[in-house]
Amino acid sequence: MPLRWYELRGGPLSEIDLNTSLIHWAEQWSQHRDVTTRRQRADEHRVETYIKPYIGDKSVTRITHRQIVDWLDALEASGVGRATLYASLMIVRQSISLAYETMGITRANPAKPASDDERSLRNMQTFRQPDEAEILGDGQVQNLLEAIDPYFRALVHLSVETGAKWEEAVGLREQDLDLILQRVTLGAMRIISEPGGVVAREGESRAVPISTALAADLKRHLLLTDDWRTAENNYMFLTKRTHTHVLSANFTHHVWRPALWQADLNPKLTFHSLRHTAAVRMIEQDVPAEEIARRLGHKAVTTTKGMYQRYFKS
């Protein structure tokens, strides 16, 4: 039987038995994902802590939707946070899907919601909503743009307007810009930090419109970095001296925190706060929820509504 899932992620396993326990498939899934080491360790911790002691011995061929709901309720009653609940549910869902694909089982995945209403409810309950302190007002955004190192102004402006994640923003290349039509392509390349350095990975891309002001900032940055960008190394945001990928930790220490202090902003703000700010600003501009979800790269609009439900008009 073809093991398509494994072939897409680095080749088939050397041995696959017919072990139907959920913990068996959860461990296989977490160990063979194409993700960073840090993410893999987080998944393995969730498997050992939140799945194995509760439903790890259940058979993937017999576990029911009711048992999975009861498991989630038990975790929530024990004080497990909603973000962890959702992440653990996703592991169970993907593990069962992997088992079914490998064993040729065609039944519905019991870890998936039984209805659209339940899907909306589950997302509303589990996605972490940003604190109000993480959302910058227009004046605060302007103060930040004025305080940030001018070399990185376009990087910050890009994220606070489009909602680009760090790995998407630093993965932006010259060919991802269309300054005439005023749009950028995000997600086509992501720069991910790992213990041994940084790696570039391709991803799902999406075109996002940009303002005239952001287009002007990006154009200025293009001219500023024109001397060292090449066909092989045409990333928009590289370090000043070595022209290599910017490390998140270095940016936070040397650029981000000093700018927060100079702009008199909450020192607990992170680069990801720019993404939350962008989402809320889109909502305030009456951009449809479906379009906001697309711009942010959310696979479902319920994710967007769940995270920012307090800002959507009833």
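How many residues does helix α10 have, and how far does the helix reach from its first C-alpha to its last? Helix α10 (residues 212–224) has 13 residues and reaches 18 Å, close to the 18 Å expected at 1.5 Å a residue; the expected span is 1.5 Å times one less than the number of residues. The model is a predicted one, in which local features need pLDDT of at least 70 and side-chain atom pairs count only at pLDDT 80 or more, while totals for chains, interfaces and linings use all residues. Residues are numbered from 1 along each chain as its sequence is written, and side-chain values use heavy atoms, with hydrogens and water left out.

The protein has 14 helices and five strands, where helices (H or I, at least four residues) and strands (E, at least two) are DSSP runs numbered from the N terminus. Of its 314 residues, 46% are buried; buried means under 20% relative accessible area, exposed means over 50%, and partly exposed lies in between (1.4 Å probe, protein chains only).

Back in α10, the buried residues are Leu214, Ala215, Asp217, Leu218, His221 and Leu222. They lie on the same side of α10 because they cover an arc of only 160° around the axis, the arc being that of the directions from the helix axis to the C-beta atoms. On the other side of α10, Thr212, Lys219 and Leu223 are exposed. The cover over the buried residues of α10 includes α8 (153–162), β1 (177–178) and β2 (183–186).

Two of these covering elements, β1 and β2, belong to an open sheet of three strands in the order β1-β2-β5, with antiparallel pairing. Its edge strands are β1 and β5 (206–209), each of which pairs on one side only. Two strands count as paired if DSSP finds at least two bridges between them; β2 and β5 pair in the antiparallel sense over four bridges. Val184, for instance, has Val208 in β5 as its bridge partner.

The covering helix α8 holds Val160, which counts as buried because its relative accessibility is 2%. Leaving aside residues up to four places away in sequence, Val160 touches Val141, Leu274, Thr277, Ala278 and Arg281; contact here means heavy atoms within 4.5 Å. Val160 and Phe271 are 111 residues apart in sequence, yet their C-alpha atoms are 9.0 Å apart in space.

Tyr151, Phe152, Trp166, Trp228, Phe251, Trp256 and Phe271 form one aromatic cluster. Rings of Phe, Tyr and Trp (its six-membered ring) pair if their centres lie within 6.5 Å, with planes under 30 degrees apart called stacked, over 60 edge-to-face and the rest tilted. By this rule there are eight aromatic pairs. One of them, formed by Trp166 and Phe251, is tilted, at 5.1 Å centre to centre and 45° between the planes. This pair links distant parts of the chain, with Trp166 in helix α9 (residues 166–169) and Phe251 in helix α11 (residues 248–262), 85 residues apart. Trp166 counts as buried at 11% relative accessibility, and Phe251 counts as buried at 2%. Trp166 also forms an edge-to-face pair with Phe271, at 5.1 Å centre to centre and 90° between the planes. Phe271 lies in the loop between α11 and α12 (272–284) and Trp166 in α9, so the pair ties together parts that are 105 residues apart in sequence.
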